[in-house]
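Colleague: Hi! Could you walk me through this model before class?
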Amino acid sequence: MRFMLLFSRQGKLRLQKWYTATAERDKKKMVRELMQIVLARKPKMCSFLEWRDLKIVYKRYASLYFCCAIEEQDNELITLEVIHRFVELLDKYFGSVCELDIIFNFEKAYFILDEFLMGGEIQDTSKKSVLKAIEQADLLQEEDESPRSVLEEMGLA
Amino acid sequence: MPAVSKGDGMRGLAVFISDIRNCKSKEAEIKRINKELANIRSKFKGDKALDGYSKKKYVCKLLFIFLLGHDIDFGHMEAVNLLSSNKYTEKQIGYLFISVLVNSNSELIRLINNAIKNDLSSRNPTFMCLALHCIANVGSREMAEAFASEIPRILVAGDTMDSVKQSAALCLLRLYKTSPDLVLMGEWTSRVVHLLNDQHMGVVTAAISLITCLSQKNPDEFKTCVSLAVSRLSRIVSSASTDLQDYTYYFVPAPWLSCKLLRLLQCYPPPEDGAVKGRLVECLETILNKAQEPPKSKKVQHSNAKNAILFEAISLIIHYDSEPNLLVRACNQLGQFLQHRETNLRYLALESMCTLASSEFSHEAVKTHIETVINALKTERDVSVRQRAADLLYAMCDRSNAKQIVAEMLSYLETADYSIREEMVLKVAILAEKYAVDYSWYVDTILNLIRIAGDYVSEEVWYRVIQIVINRDDVQGYAAKTVFEALQAPACHENMVKVGGYILGEFGNLIAGDPRSSPLVQFNLLHSKFHLCSVPTRALLLSAYIKFINLFPETKATIQEVLRCDSQIRNSDVELQQRAVEYLKLSSIASTDVLATVLEEMPPFPERESSILAKLKKKKGPGAVSVTELEDSKREGGELNGGGDRGPDTSAMSASNASTPSPSADLLGIRSSAPAGTAPASAGNLLVDVFSEAGPAAPSAAVNDDGFLRDLEQPTETSDSLLVEGSGDSEFVCKNNGVLFENQLLQIGIKSEYRQNLGRMYLFYGNKTSVQFASFTTSVSCPGELQSQLNVQTKQVEPLVEGGAQIQQVLNIECLTDFSDAPLLNIKFRYGGALQNLTLKLPVTINKFFQPTEMSSHDFFQRWKQLSQPQQEAQKIFKANHSMDTEVLKAKLLGLGTALLDNVDPNPENYVCAGVIQTKGQQVGCLLRLEPNAQAQMYRLTLRCSKDSVSRRLCELLAEQF
C-alpha cells in the first residue's frame, strides 16, 4: 500500500499515512486531486478506480471516506477488508467511533493504524493482538499521569 | 476494554482542537494557530525547563497544526528529547512527531538514531516496537545505514517476542524497499524463510510480506519458500472456519494470509515436485469449490474476504497458464460474477477476464461471454466498469468476432464518456486494421470513427489509414469514392478533410470517370472546406491541389487562379504563402514530364509496427497489449523504427526542408547543408535547382508536403541512445556555425567562437513539433582521456521546450592540452510520452584553437626545416572528395583557423598555412602544405608541428575536408 487517507464528506482531511517518501507539496496535490475524484462518485459505484499508476480502493463509513492507494498487483477486495478491519479497531477502541473521536484523538488513531499496518503491509490481522498493544500503552499512560488542574492544562497556571 | 483516558489525557490539546473547530473562517483559524505557535515557541524558549508532560502536549499540538496543513519549523528538538523519556506515552508522541515530520537535519538524525538504538537494545518489547515503527515510518537511507544489519538479528533471534518479530519483519521490508543494497540477508535467508512455519499466525502474516518482496528480487535464494507456502496454504484452506480463532474473519479462515501465500507463489513457476504441485492444485480446486458453496454469512465482509482469496487464486492459475482445466473453471466462475449484483465483483471479473483472454487455453471460454460484456458496456452505470468492459472486448477480439465487436464499440463511442473516448478510438482503429479481411470494411470503419469522434481521432489514426490505403492498391478506388461521399456532408470533421485531401490528391483520378465526381467537382468540394480549416490542414490541401494539377491538367487554370489570389500568395502564414508561391511557380514553369515525376504517386510505406498500436502501448503500458498482439506485430517484421529511412523519404525530407522550412526549422539563417556531393552553394532558388540539376533524377517526392512525410515518420519509442557519428566530426572542422543535427522533432544549431585557448559555443535547440518537449535535459561529457584535455562547462537548460520554440545553451570550453576525441552531447526529453535519447559528437576539434601566424617565405622554410624530426611530420596522399576549386579550397583553409600564406611556395598551385595552437599548457606551432594535383584529382597534405600528436590529428581531420 502506498498511502491511506481519511477525509470527511466536506473534504477535510482527518488522517493521512504515507508509506513511501513523498514531498509535502506532492502530498497536498495528490490529496486534493483524490478527494475531488472520490467525493464526486455516486454511492452505488464500484469501490475501485485507476488513478495515475495506482489503484484506489475506497469506502465510506458514515461521514468519513477511507481511501487506500495500492499497487498494480495488490488485491482490491482484501484492501477493502483492511479498511474494514481498521474501522473495527477504531470502533472497538473508542466504542462506536465517530468522526469527532478521530479529530480529538488523532494521535490515538495514528497509533492504532501503526499497530495494524506497518510500511504499508499488515502487521497483524487479529483484533485482539492489535488492541492489546494499544491498551497496554493506555495503561502505562494511566500510571504516568497525576491529575492536573484545568488552569494548568490550559497553560495559565 | 478499559475505560481509557482517550482525549482527557491532554486537556489543553482538546481545548485547542475545539477552538480550531469553532473558527468561523480560514483567517480566524490562521490567527488562532499563530497565537498557539507563539505560545509554544515562548514555552520552548522560556527559562523554565518544561516537564515531559508539557513537552508532550506542545509537541502534539504542533503535530496537529502540521496535519492541518500548516508548516512547522520548530519543535523537532523537543520531540527528539521525548524519545529518551522513560514514560511510554511521551516516547510515543515523540516518535509520532518524528515519523510524520522528519527533518533531514543530520545533527537531528544522529540524535534520533541514538534514541532508537537505545530502545532497540532496551529489551522492552513495547519500546523496541516503537523504535522499529519509527525506522519503518521514516525509512530513509540514513536509517538503513544505521540499522539494516541489526534488524535481521532481532527478527530471527530465539528470544524475540512475537510482536517484536512482526515489527522487525516489516521494518526490514521497508528498508529493503528503500535501500536494497544495505539489507543483506545472506546467513539469515533460511531462518527467514522458515518463519512461514511459525506457530504465531501474526508472525507469518508479517513475515510473508518480507519474504515475497525478497523472493521477487532473489527467486533462487528463496525458492525453498514454495513448498512451505503450499503446505501452509493447504492447512488454512482445509481448516474449518473456527479453527483459527481470531485469525478467522467473518467465517473465512485467515484471508489476508491466504492472499499473501497465493501472491508469494506467483513469484515462481509451478512447483516441480509432483507432490507439492498436487497439493497446490488441490488447494486451488478447493478454493474454486468453495466459491460455489452457499455463503456462511450475508455480510459483505464475508463475501469480500472469500472472493479476495478466489481472485488471488485465479491470478495464480493465470500466472501458471498451464492447467487448462483450472483456467476454464476460473473463466466460468468469473462469468458468474459478470452478472453479480455487486458492482465491485463485476468490475474485478471484467478485469481478471482480460488476462484470461490472452491464454490459449481460456480464450475461447472467455469469448462465450461476449453478449454479457457488450451488455455491460451498454448498461453499466459506472464509467470505470464500462471502461473494463471495453478493455475486455478488446482483449477477446479475434477474427471471428471482430466485426461485431468493432460495431458495438463504434456505437458505444457515440455516447461514451469523454474520459475514455480517445482510448476507445485507438482500440477501434487497431482492431479494424488487425482483423480487416477486406479493406473496404477497414476504410469504412475509420471514416465512421472520424465522423463519430473526430475530435478524439489522434494523428496516428489518420496517418495510419493513409499508409494503408497507399500500400494497398485494391482499396484505393474504394477509399477515394468513400471519402468523396463523406466530404459531401455539410459539416464534416477537419480530420475527414485531411484524409479526403490526401486521398483525392493521390487517387482522385480513380473516380474521375464518373461525372458526379469529375476533377472539378472534386476540387470544388475540397476547396469549399478550405476556409474552415486550420493552417496545417490548409497546407495539406494546397499540396493536394498541386497534385490535382498533375492528375488533371484541365484543373490547372482554376487551381492556379486559387493559388494566385491574395489570400494565398500573400497569406500572413509563412508556410501557406511559401507553398502557394512555390506551387504556383512549379505549375507554370515545369513541363508536364517534370511535373509528373515530381508529383508522382507516393511510394508504398515500409511495413512497420502500427503507430497506433505503439501509441496505445504508450498510453497503457506494455501490459495493456495482449500477448498475441505482440507476437503478431513481431511476425509482421515490424522493426520499431521501420529499419531506418527509405531513400525517397530522406531525400524528400532534405529537399522539402530546404524549400519549405517550418518556422522553427532555420535557426541561424544557415541552411543545413545538403549531403556531400550536392554541396556547391545552392543559395539560389531551390526549385530551379531541383529542375536544372536533378530533373529526372529527382526522387519522386522531391517537392512534396513535408507535412505527410515528416509526420508519417513518427518516431517510435526507444530509449536506446542513438549515437550519431561522424557528421559533426568533419562538417564543422572548417566552419563554426551551422545545423549540427536535425530530425523530425528537433533541430540543433550551433554557433561558436574561439579565442586563444578558450571557446564559447551556443547551442540552439529548436522544437519542430507543435507539442511541448518535457524533461528536456542535456549533458556534455568528455569521455576517457579527453577529460583531462578539455574543460567544458555549461548550465542546465529549462526542462520544457514549447512546441515551435527554441532554447539556447552556452558552453564554455577551455583547451587544456591537445586532444583528438570530441566531447559528447547527450540530449534527453519526452515527446508525447516517449523518451527520446540522443548523443551527438560536438564539433570541437583541435584546430579551433588556432591563431593564424603571418610569415615570410624565408621564415616559413626555416621553420619547416627546424621541424624535421620524422615524428613531427604527418603526411597523407588522398583522392579529392570535393571540388578542387581554388576559392573553395582557400575558404576552407581560412576556416581552418590558420593564416594562408601567399608567395611562399615556389609552386603557385600549392597552398601553405601557418598557425599556433593555443592550449592552456603550451603553444604548438603548426605548418601546413597542401599540394593539389588537378589532373589526378589527388592531394598531398603535409603537416609539421612542434608536437607530433598534433601533426597526426590535424592530418586526419584535414584529409576528410578536401
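This is a predicted model: local features need pLDDT of at least 70, side-chain atom pairs count only at pLDDT 80 or more; totals for chains, interfaces and linings use all residues.

Colleague: Okay, what is the mean pLDDT of chain B?

Modeller: The mean for chain B is 82, and 86% of its residues reach 70 or more.

Colleague: And which elements of chain B have the lowest and highest mean pLDDT?

Modeller: Helix α37 of chain B, residues 686-694, has the lowest at 32, while helix α14 of chain B, residues 255-265, has the highest at 95. There is also a stretch at residues 622-728 of chain B where pLDDT stays under 50.

Colleague: Switching topic: how do helices α13 and α15 of chain B cross?

Modeller: Their axes come within 9 Å and cross at roughly 35°, and the crossing of α13(B) past α15(B) is left-handed.

Colleague: Which residues make that contact?

Modeller: From α13(B), they include B:Val230 and B:Leu233, and from α15(B), they include B:Leu280 and B:Ile287. By class, the contact has 7 nonpolar, 4 polar and 2 charged residues.

Colleague: Nice. How many residues does each chain give to the contact between chain B and chain A?

Modeller: Chain B gives 79 residues and chain A gives 65. The buried area between the two chains is about 6,600 Å², with 55% of that from carbon and sulfur atoms.

Colleague: How many salt bridges are there between chain B and chain A?

Modeller: The count is 4. A salt bridge joins the side chains of A:Glu121 and B:Lys177, at 4.0 Å from N to O.

Colleague: Last one: what ipTM and pTM does the model score?

Modeller: The ipTM is 0.90 and the pTM is 0.65.

Terms used: Residues are numbered from 1 along each chain as its sequence is written. Chains are lettered from A and ligands numbered from 1 in the order in which they are written. Side-chain values use heavy atoms; hydrogens and water are left out. pLDDT is the predictor's confidence in each residue, from 0 to 100. Helices (H or I, at least four residues) and strands (E, at least two) are DSSP runs, numbered from the N terminus. Contact means heavy atoms within 4.5 Å. Axes are lines fitted to C-alpha atoms, for helices over the stretch in contact, and angles run from 0 to 180 degrees between N-to-C directions. A crossing is left-handed if the near helix is turned anticlockwise from the far one by less than a right angle, and right-handed if clockwise. Ala, Val, Leu, Ile, Met, Phe, Trp, Tyr, Cys and Pro count as nonpolar, Asp, Glu, Lys and Arg as charged, and the others, Gly among them, as polar. Buried area is the accessible area (1.4 Å probe) that two parts lose on being put together, summed over both.
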